[in-house]
Amino acid sequence: MKAPIEEINAFVDRNKEEMLLFWEQLVNRQAGSKEVDRVNRIMHFLKDHFEREGIDCRLVDSKGSADVLVAELNADVPGAPFLLSGHCDTVFPSGSYPEDPFHIEDGFARGPGVLDMKCGVAQIFYLLVALKHFGYRDRPVKAILVGDEETSHYGGIADQILKDEAKGALCCFNMESGRLDHCMTVGRKGCLDCHITVRGVAAHAGNDYLKGRNAIVEMAQKLPLLQALTIFEEGLTVSVGTIKGGTVSNAVPDYCYAELDVRYKKQKHMDYVKEKMREICDKTFIEGTTTTIEFVAPMPPFEETKANHQLLSHINRVAKDCGYEPFGAIYVGGGSDASYISSMGVPTVCSMSAEGSGAHTMEEKASVESFYSRWIIALASIMEIDQYAGDQ
């Protein structure tokens, strides 16, 4: 289908205030990742709106966190589906801002999650609405919205649901926070948290010094070895982030706990570093101490591929036809759900939403103008996605 650029621009002109209001309503519904009931209320709000537009929806139980919302257009049409993905949670628990915090200042919308990523959620909703409005029937379109992205899906199975729903898809736009440098993300590092606990033997530091088995000293022997697993030139980093242990200075500590951040460009690096970290933790320096290690919420890398760059080239061709400047390509260290989707072999471009800055801070803001322009580019790119498919 050839994208009707003039008609798309007219659609935006007619619906500009409605689209902005929808974005505002999402931002004003404050819900941090761990506030499952609040996030689920947003999911139901979205489900109701999708269904009013005649778009099929289902909620999938994440087994421990907020539900996953899957909205589908043209489910009866054959062919590999086009994917849109995003998340409805924010890093801000309710009450972090006053009521109804959404406001516009100097061309930027502000409020909790206004950029990361209530903007992208609003765009996803209107992308499906507009595709239906324009009679798009070339292939199925599926939107997947999760509610615990900011906690890396810890405690639930939303990551597995993402992978299951992505199987067999043609390609994906992850409608994450856009960048002020006008770049789209074609790759991200994978990451995991590593939690290490050392147990020793408590003793009075003066009267029973030799009886003690110092958990902090045992941990101190291990941490330099763990951080030395870094291979920076290959994109593998290990960083000791937090450490705590002991109670008072005159007692030999029987407990020490540390959290480490691990980032990697290749899946093989994740497997390698986990094996080496286990080996280090299995080695005992102080007899009588024990060490346990837990790997939390491992995220696969969003590997930079030729297919991702080809998808970005398609977006840039359409952007030019729409009268906009092409986007640059960037590889970044921070993770996103693009990692899970691309791990299923689905070409993906991330950071498709409005341009802005300050995500995860009280200074978060998103450009209102780019809310519309990025949406126009995304819509036209979907309408002409069969041209991308034919080039593969």
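This is a predicted model: local features need pLDDT of at least 70, side-chain atom pairs count only at pLDDT 80 or more; totals for chains, interfaces and linings use all residues.
Ser-351 sits in the loop between β17 (348–349) and β18 (355–357), and its phi is near 65°, a positive value in a residue other than glycine.

His-153 is not a glycine, yet it has a positive phi of about 65°, and with 2% relative accessibility it counts as buried.

## Asn-174 and its surroundings

Ser-351 is also one of the residues in contact with Asn-174, a residue of strand β7 (residues 171–174). With a relative accessible area of 1%, Asn-174 is buried. Its side chain is joined to that of Ser-85 by a polar contact of 2.6 Å, and to that of Ser-336 by a polar contact of 3.3 Å. When neighbours within four places in sequence are left aside, the contacts of Asn-174 include Gly-86, Asp-337, Ala-338, Thr-348 and Met-352.

## Helix α2

Just after α2, Gly-54 takes a positive phi of about 80°.

The buried residues of α2 are Val-39, Asn-40, Ile-42, Met-43, Phe-45, Leu-46, Lys-47, His-49 and Phe-50. These buried residues pack against helices α1 (5–28) and α3 (114–133), and against strands β1 (56–60), β2 (68–73) and β6 (141–146).

Phe-125 belongs to helix α3 and is buried, with a relative accessible area of 3%. Not counting residues up to four places away in sequence, Phe-125 touches Phe-22, His-49, Phe-50 and Glu-53. From C-alpha to C-alpha, Phe-125 and Ile-196 are 42 Å apart in space, while in sequence they are 71 residues apart. Met-117 is likewise found in helix α3, and the peptide bond that leads from Asp-116 to Met-117 is cis, with omega near -10°.

Helix α9 has 16 residues and reaches 23 Å from its first C-alpha to its last, close to the 22 Å expected at 1.5 Å a residue. The helix is mostly covered, with 15 of its 16 residues buried.

Glu-384 is found in the loop between α9 (368–383) and α10 (385–391), and it is buried, with a relative accessible area of 6%. The side chains of Glu-384 and Arg-317 are joined by a polar contact of 3.0 Å. Leaving out residues up to four places away in sequence, Glu-384 also touches Met-1, Lys-2, Ala-3, His-314 and Val-318.

## The largest pocket

About 660 Å³ of space lies in the largest pocket. Its lining is made up of 33 residues, of which Glu-149, Glu-150, Gly-334, Gly-335 and His-360 lie nearest the centre. Two or more lining residues come from each of α3, β8 (178–179), β9 (183–188), β10 (190–199), β14 (255–264) and β15 (290–299), and β10 gives the most, with four residues.

## A partly exposed loop residue

Val-248 has its place in the loop between β12 (237–245) and β13 (251–252), and at 48% relative accessibility it counts as partly exposed. Its C-alpha atom is separated by 32 Å from that of Leu-192, and the two residues are 56 residues apart along the chain.

Note on methods
Residues are numbered from 1 along each chain as its sequence is written. Side-chain values use heavy atoms; hydrogens and water are left out. Buried means under 20% relative accessible area, exposed over 50%, partly exposed in between (1.4 Å probe, protein chains only). Contact means heavy atoms within 4.5 Å. A polar contact is a pair of N or O atoms within 3.5 Å; within protein, one must be able to donate a hydrogen and the other to accept it, and residues adjacent in sequence count only if both atoms are side-chain atoms. On a 1 Å grid over the protein atoms alone, a cavity is a set of points where a 1.4 Å probe fits but cannot get out, and a pocket is an open set with protein on both sides within 12 Å along at least five of seven lines; lining residues have an atom within 4 Å of a point. Grid points are joined across faces, edges and corners, and a volume is the space filled by probe spheres set on the points. The expected span of a helix is 1.5 Å times one less than its number of residues.
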